[in-house]
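Have the viewer ready and follow along.

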Amino acid sequence: MKITIYGPDGCSNCSNLKDKTQNVVDEHGFDADVVKEGDTVKLAEKGIMSTPGFEIDDEMVFTGSNPPEAELKEYIEERL
């Protein structure tokens, strides 16, 4: 599984979401790679109007929010 967090470099909300997502993956032993994509061209290609964007295996799950870890866990479990 590949989880991509989309947000421009320097976006603390986006970096925070990446860190929380990595914590969830580590804590629950999910087989997932968590990466952050800061390229604004790629954000535009994905149609992200509000950051951060959260994608699992090329499916955009949500944009513009930073949910709690429990909710992130649910999103990941739904796609296992």
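Searching the whole structure turns up three aromatic pairs; rings of Phe, Tyr and Trp (its six-membered ring) pair if their centres lie within 6.5 Å, and planes under 30 degrees apart count as stacked, over 60 as edge-to-face and the rest as tilted. Keep in mind that this is a predicted model, where local features need pLDDT of at least 70, side-chain atom pairs count only at pLDDT 80 or more, and totals for chains, interfaces and linings use all residues. Residues are numbered from 1 along each chain as its sequence is written, and side-chain values use heavy atoms, with hydrogens and water left out.

**Phe54 and Tyr75**

- The ring centres of Phe54 and Tyr75 are 6.3 Å apart and their planes meet at 45 degrees, so this pair is tilted.
- Phe54 belongs to strand β3 (residues 53–56) and Tyr75 to helix α3 (residues 69–78), so the pair links distant parts of the chain, 21 residues apart. Helices (H or I, at least four residues) and strands (E, at least two) are DSSP runs, numbered from the N terminus.
- Phe54 counts as buried, at 0% relative accessibility. Buried means under 20% relative accessible area, exposed over 50%, and partly exposed in between (1.4 Å probe, protein chains only).
- Tyr75 is buried as well, with a relative accessible area of 19%.

**Phe62 and Tyr75**

- For Phe62 and Tyr75, the ring centres are 5.3 Å apart and the planes are at 35 degrees, so this pair is tilted.
- Phe62 lies in strand β4 (residues 59–63) and Tyr75 in helix α3, so the pair ties together parts that are 13 residues apart in sequence.
- Both Phe62 and Tyr75 are buried.

**The whole chain**

- The chain has three helices and four strands, and from the N terminus on they run β-α-β-α-β-β-α.
- Its radius of gyration is 11 Å, close to the 12 Å that the globule rule gives for 80 residues, so the chain is as compact as a globular protein of that length. The radius is taken over C-alpha atoms, and the rule is 2.2 Å times the number of residues to the power 0.38.
- Along the principal axes, the C-alpha atoms fill a box of roughly 30 × 25 × 15 Å.
- Of the 80 residues, 36% count as buried.
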